[in-house]
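Here is a short briefing to read alongside the model.

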Amino acid sequence: MNDKNTYSVDKYLEIIAEKEGITKEEVQQEIGRAVSIALKSPDPKMQRFWTDFPCDDTPTIEEIIYHLAEKFAKES
């Protein structure tokens, strides 16, 4: 992921924070909690999602947001 993509993710986090009336850091914490829960899910679809995720280790919040944004853009 390059700096341009990081900026985009950072901007998205700021937009979400503003809409929710919380800080960007709180948005990151909430996403982190959701990812932690999702990584432990026994649901086969969730496990397949993480197995197919383009990352060797646990993905960062930024990588997840960027990956999902790309995926949704291709599907729409």
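Alanine 38 counts as buried because its relative accessibility is 14%; buried means under 20% relative accessible area, exposed over 50%, and partly exposed in between, using a 1.4 Å probe and protein chains only. This residue is found in helix H2; helices here are DSSP runs of H or I with at least four residues, strands are runs of E with at least two, and both are numbered from the N terminus. Please keep in mind that this is a predicted model, in which local features need pLDDT of at least 70, side-chain atom pairs count only at pLDDT 80 or more, and totals for chains, interfaces and linings use all residues. Residues are numbered from 1 along each chain as its sequence is written, and side-chain values use heavy atoms, with hydrogens and water left out.

- Setting aside neighbours within four places in sequence, alanine 38 is in contact with Met46, Gln47 and Trp50, where contact means heavy atoms within 4.5 Å.
- The C-alpha atoms of alanine 38 and phenylalanine 49 are separated by 9.7 Å, and the two residues are eleven apart along the chain.

**The overall picture**

- The protein has four helices and zero strands.
- Read from the N terminus on, its elements run α-α-α-α.
- Of the 76 residues in the protein, 18% are buried.
- Taking contacts between residues at least 6 apart in sequence, 34% join residues at least 24 apart.

**Helix H2**

- Helix H2 covers residues 24-39, which is 16 residues, and reaches 22 Å from its first C-alpha to its last, close to the 22 Å expected at 1.5 Å a residue. The expected span is 1.5 Å times one less than the number of residues in the helix.
- Val27, Val35 and Ala38 are the buried residues to look for in H2. Seen down the axis of H2, the buried residues fall within an arc of 70°, so they line one face of the helix; the arc is that of the directions from the helix axis to the C-beta atoms.

**Helix H4**

- Helix H4 (residues 61-75) has 15 residues, and its first and last C-alpha atoms span 21 Å, close to the 21 Å expected at 1.5 Å a residue.
- In H4, the residues Ile61, Ile64 and Ile65 are buried. Looking down the axis of H4, its buried residues fall within an arc of 95°, so they line one face of this helix.
- Turn to the face of H4 that points away from its buried side and you will find the exposed residues Ala73 and Lys74.

**How the helices pack**

- H2 and H4 pack at an angle of about 80°, with their axes 10 Å apart. Axes are lines fitted to C-alpha atoms, for helices over the stretch in contact, and angles run from 0 to 180 degrees between N-to-C directions.
- H2 and H4 are therefore roughly perpendicular to each other; angles of 65 to 115 degrees count as roughly perpendicular, under 35 as roughly parallel, over 145 as roughly antiparallel, and the rest as oblique.
- At this meeting place, Gln28, Ile31, Gly32 and Val35 in H2 meet Ile61, Glu62, Ile64 and Ile65 in H4.
- H2 also crosses helix H3 (residues 44-52) at roughly 110°, and their axes come within 9 Å. That makes H2 roughly perpendicular to H3.
- Here Val35, Ala38 and Leu39 in H2 meet Met46, Gln47 and Trp50 in H3.

**Charged pairs**

- The structure holds three salt bridges, each being a side-chain nitrogen of Lys or Arg within 4 Å of a carboxyl oxygen of Asp or Glu.
- Aspartate 10 and lysine 24 join their side chains in a salt bridge at 2.5 Å, N to O. This pair links distant parts of the chain, with aspartate 10 in helix H1 (residues 3-20) and lysine 24 in helix H2, 14 residues apart.
- Aspartate 10 is partly exposed at a relative accessible area of 25%, and lysine 24 is partly exposed at 21% relative accessibility.
- Glutamate 14 forms a salt bridge with lysine 11, and their closest N and O atoms are 3.8 Å apart. Glutamate 14 and lysine 11 are separated by about one helical turn because they are three residues apart in helix H1.
- Arginine 33 pairs with glutamate 30 in a salt bridge whose closest N and O atoms are 2.4 Å apart. Both arginine 33 and glutamate 30 lie in helix H2, three residues and about one turn apart.
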